[in-house]
There are 2 protein chains.
Amino acid sequence: MQSILADRRDGRRHTKADLYDFAKGAASGSIPDYQLAAWLMAAYLNPLDQEQTAWLTLAMADSGERLDLSGLPKPWVDKHSTGGVGDKTTIVLLPLLASCGLTVVKMSGRGLGITGGTVDKLGSIPGFRLDLSPEELKTQARSIGLALTGQTPDLAPADKVLYALRDVTATVSSVPLIVSSILSKKLAGGAETVVLDVKCGRGGFMRTIEDATNLAEALSSTAKLCGLNIRIAITDMDQPLGSCVGNVLEVQEAIGVLSGEQSRFARLCISLAALTLEASGLQPNRSAAEAAARAAISTGAAKQKATEWFAAQGATVNVFSNPESMKTAPFVQTLDHSGAAGWIDDIDASVVGQVVVDLGGGRKTKSDQIDTSVGIRLHCEVGSRIEPGRPIFTVYSSNETAFLQAREALRRAVRVSPNEVDVREPVLRIL
Amino acid sequence: MQSILADRRDGRRHTKADLYDFAKGAASGSIPDYQLAAWLMAAYLNPLDQEQTAWLTLAMADSGERLDLSGLPKPWVDKHSTGGVGDKTTIVLLPLLASCGLTVVKMSGRGLGITGGTVDKLGSIPGFRLDLSPEELKTQARSIGLALTGQTPDLAPADKVLYALRDVTATVSSVPLIVSSILSKKLAGGAETVVLDVKCGRGGFMRTIEDATNLAEALSSTAKLCGLNIRIAITDMDQPLGSCVGNVLEVQEAIGVLSGEQSRFARLCISLAALTLEASGLQPNRSAAEAAARAAISTGAAKQKATEWFAAQGATVNVFSNPESMKTAPFVQTLDHSGAAGWIDDIDASVVGQVVVDLGGGRKTKSDQIDTSVGIRLHCEVGSRIEPGRPIFTVYSSNETAFLQAREALRRAVRVSPNEVDVREPVLRIL
C-alpha cells in the first residue's frame, strides 16, 4: 500500500493489479481507513487517467458479488441520476420502461443533504419493501419486468467504504472518483445498458454546464472501456424538478405523471424513457421511442405496471386509487406572491432543497431520521406568469414554527422579472 | 475539519486558529485518523508556506505540556540531528557542551530503519534510565548541566500522532511537515538555542546537498518565526559516520572520542560544539569556541562530565574505566580487502546501515526488539589507503549465518580507486 500511495502522490500510473489490490483491501478492511483516505486525497489532486479510472471501476465492481441477470428476458436496462432537488424520475421511469417492454433492475440510495433519495420516497408508500435479495430482484424482474432495492452490502463493497471516506475527507468532487463510484455499482448490479441523468445546476452536484459535461464525458468514456452500453442526458437542476419536493409529495406527483398529467417534469420522463428505449435497441430511433413512451402513459399501461410493481414489492395500499393514504404533514400554508406582476425568472433549487431538509424531510447527517410527510408544492416554474396574491408555494410542515422559518427562506428563493421569461426545457444536452 | 481539508486540498491559506484546532484535534483524538491522513496528503501536495509552517509548529508545541526551563542556569541549548548511519554525536556533544559551561536538556528518539536512535544507544549502557520526568530532567540539568530522556507523551502529542500517520501514508518527505515536527518538539522541550545537524547523503533522509539545503533553510526561517535562536550544520552522511555502526559499538566509539581519540567523527563533534558555544553567546567567535571544545576534551573535563551524566541517569557500571562491560556480539569476523591496492573511493552508508538492521541492530518496524550487541566496525574511511589483505570491516553478529549474509552485502558497499582520493571533511555547510 505504501508504494500505491507513493505512486498516486507522485502522479504515476497504477497497474490494474494495484487497483484490484486496493479495492479488495478497501472492501475487506485490510487497508486501514487512514491509508485509503490519504490515497483518496492524492487521487483528488493527481487524478487517475481514463484507463486507470476504468480499472478502478472494474476493481470496485469485482470487490464483492456481481448480480448475474443472465436468466432475465432481455433487453434489460439500468438508470441512474446524479441526484437533485425534487428528482422523482425513477418512480415514473421504471414502470414506464417496463410497460414498453424493457426489463429494469435497479439499486437506489437514500437521500443526503438537499438531494433526496428514491429509497426514501418509495419507502413512504405503506408496506413498500426496499430490502430485496438478489434472488428476489431477479424473480420479480422476470415476472413483472422491474424491481428496485436499496443498496446491499454485498455489491461493490469497496465503493461503500470509499464513498463514506470521501464524504468526510473533502474528496467527493473528483470526477474519476465519482465516475468509478457510479459505474462500479451499475456493473455490480448486472447492468449492460445504462442511461445516466447528470443533473446540472444549484440543486445538483455539478453547478455549471462545463462541469456537468466534463463528468458526462468521463462517465461515457469510462463506461465504454468497461463494456457498458451507455447514454447520458445532462438535465437542468437549477430550479426544483417538478412541482413537489418532499418524499410523499413527490410520490404523489409521480403517480400523477403516470396517470397522464402533463408538465415539464413529465416531458423529462418521456425524454429519458425515449433515450433508454433507443439505447436498448427496442425502438429504432428517438422519435419512435418517444411515441412509444407517450402511448404507454396515454393507454394506462405505465400506470398499470406501476400498480403491479408497488404491489409486488409489498405496498399495502393502492396509492393510485387512494393517493391520500400517504399522509402529508398537518400544517399546510400557502405563500402568495406579494410583489408586482411579472414572470418567474428564477427559483433557487438549493434554497428549496434546504428548506425541505430543515422541515425534516431530508438528512443533514447519514444517521438522521426523516419525516416523509413534509415538503413544498410549487405553483409555478421559471417562465410562469405571476400576479400579486397568486400562490407560489404551499408548505407542508409539522408545526407553525417550522413553517415560519421555511417562509423566510422561500421568499429569497424566487426572483420575478417584469419582462417575459421563456420556459426552460429540462434536457440540456444528450451524449 | 471539512473546511480545513478543503483549504489544504485547494492550496488556500489556513488561519493560525485553524492550525491550532487541527493540532489540538490530532492530540486529543477528536479528529479521526482518516481526516488527519487526508490532510497530510493534501499538505504534501499543496505545501504550507513559511508563516503557516511556523503556526503549525507552534500549534503542535502547544498541543500538550511545554517544558518550563526558566529555573535553570542559562544559557541552555538543545541539539538535534536528522539522523544517520553511525550517528552517535549526541553522546559526545552533550557532556562536551556541559563541560564548557552550557546547560543541555534533550529529548531523543528510538531508531527506525537504517538511522539509529540515541535512546537505543544509551539504553545499551547497563542501568541507564531514559524515562526521566520533566521534574527529574530539570533537577538533573540544574545539578550537573545536562539531562536526556526518551520522548514523553506529554510533549507535542500532536506531533506523535501526525508522525505515526506520515510514516504509513507516504507523506514523510514533505519539508514543511518535517520542519514542524522537528521544531515543535524542540519548542515543547523548552529550547531557546538549538543547533541542528542536517545529514546529507545515502545514510540520511536528505540525499543531495540541494535537498539538505532546502530543508536547512526552511528549518532556519521557521525557527526564527517561532522565536528560536538556531544554527544549522549540513554534514556528510554518504559514508557511515565514524568507525562504528551498532548500538554498543557506537557508545564505545563515543567514549573513545570523549577520552581524546582523534578521528573524522571527533572533528565533527568539535565543529558542532563550537557552533553551539558560539550560538549560545558563551564564546565570542567560532575559533575561540573550537579551542574551548578541544580543551574540554584534552583536559578530561568532557569525559568527567560524561561519567557524572551516566551515573546521574542510573548507569550501574563506569563504562569509561570498564568499556568491556557493554557486551558486544559473540561471533566476530573481519573482512579483508581482496582486490588491488588503492584508495577507498566510496563506502555506501545505506548498505552498511541496512546490514546492521539485518543483523538485528535496528528496527524494520516500530515494534521490533533490537540486539544492541551487534554491529560493524570500519577500519577505513573514504580517502584511506588500502592494500590487499588489510581489514576493511569487522562484523559483530550473533551467529555465522548472519555474518555470511552481512559479508555479501558489505562487499558491495565499498569501491576502491587506483588513484588517490581525498579525505572528506564532515561539515559541508553552515547556515
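Reader: How many residue pairs are in polar contact across the interface of chain A and chain B?
Author: This is a predicted model. Both residues of a counted pair have pLDDT 80 or more. Under that rule, the pairs in polar contact across the interface of chain A and chain B number ten.

Reader: Which element gives the largest share of the side of chain A that touches chain B?
Author: Three elements of chain A give two or more residues to that side: helix H1 (2-9), helix H3 (33-45) and helix H8 (157-168). Nine residues make up the largest share. They come from H3(A).

Reader: How many salt bridges does the rule find across the interface of chain A and chain B?
Author: The rule asks for a side-chain nitrogen of Lys or Arg within 4 Å of a carboxyl oxygen of Asp or Glu. Over all chains, the whole structure has 50 such salt bridges. Across the interface of chain A and chain B, the number is zero.

Reader: What area do chain A and chain B bury between them, and which three residues of chain A supply more of its part than any other three?
Author: The size of an interface is often given as the accessible area lost when the parts come together. Here that area is about 1700 Å², with 67% of it on carbon and sulfur atoms. Of the area that chain A buries against chain B, 35% is supplied by three residues: A:Arg9, A:Tyr34 and A:Met41.

Reader: Why do the copies meet through the same surface?
Author: Chain A puts 21 residues into the contact, and chain B puts in 21 residues. Of the interface residues of chain A, 100% are also interface residues in chain B, so the surface is the same on both copies.

Reader: Which residue in S10(A) stands opposite A:Gly342?
Author: Strand S8 (residues 342-347) of chain A runs antiparallel to S10(A), and two bridges join them. Opposite A:Gly342 stands A:Ile386.

Reader: In chain B, which residue in S12(B) stands opposite B:Ile347?
Author: Chain B has an open sheet of three strands in the order S10-S8-S12. Strand S8 (residues 342-347) of chain B pairs with S12(B) in the antiparallel sense over four bridges. In S12(B), the residue opposite B:Ile347 is B:Val414.

Reader: How many residues apart in sequence are the parts that A:Glu425 and A:Arg267 tie together?
Author: A:Glu425 and A:Arg267 form a salt bridge, with their closest N and O atoms 2.9 Å apart. A:Glu425 lies in the loop between S12 and strand S13 (427-430) of chain A, and A:Arg267 lies in helix H12 (residues 264-279) of chain A, so the pair ties together parts whose separation in sequence is 158 residues.

Notes. Residues are numbered from 1 along each chain as its sequence is written. Chains are lettered from A and ligands numbered from 1 in the order in which they are written. This is a predicted model: local features need pLDDT of at least 70, side-chain atom pairs count only at pLDDT 80 or more; totals for chains, interfaces and linings use all residues. Side-chain values use heavy atoms; hydrogens and water are left out. Contact means heavy atoms within 4.5 Å. Two strands pair if DSSP finds at least two bridges between them. Buried area is the accessible area (1.4 Å probe) that two parts lose on being put together, summed over both. A polar contact is a pair of N or O atoms within 3.5 Å; within protein, one must be able to donate a hydrogen and the other to accept it, and residues adjacent in sequence count only if both atoms are side-chain atoms.
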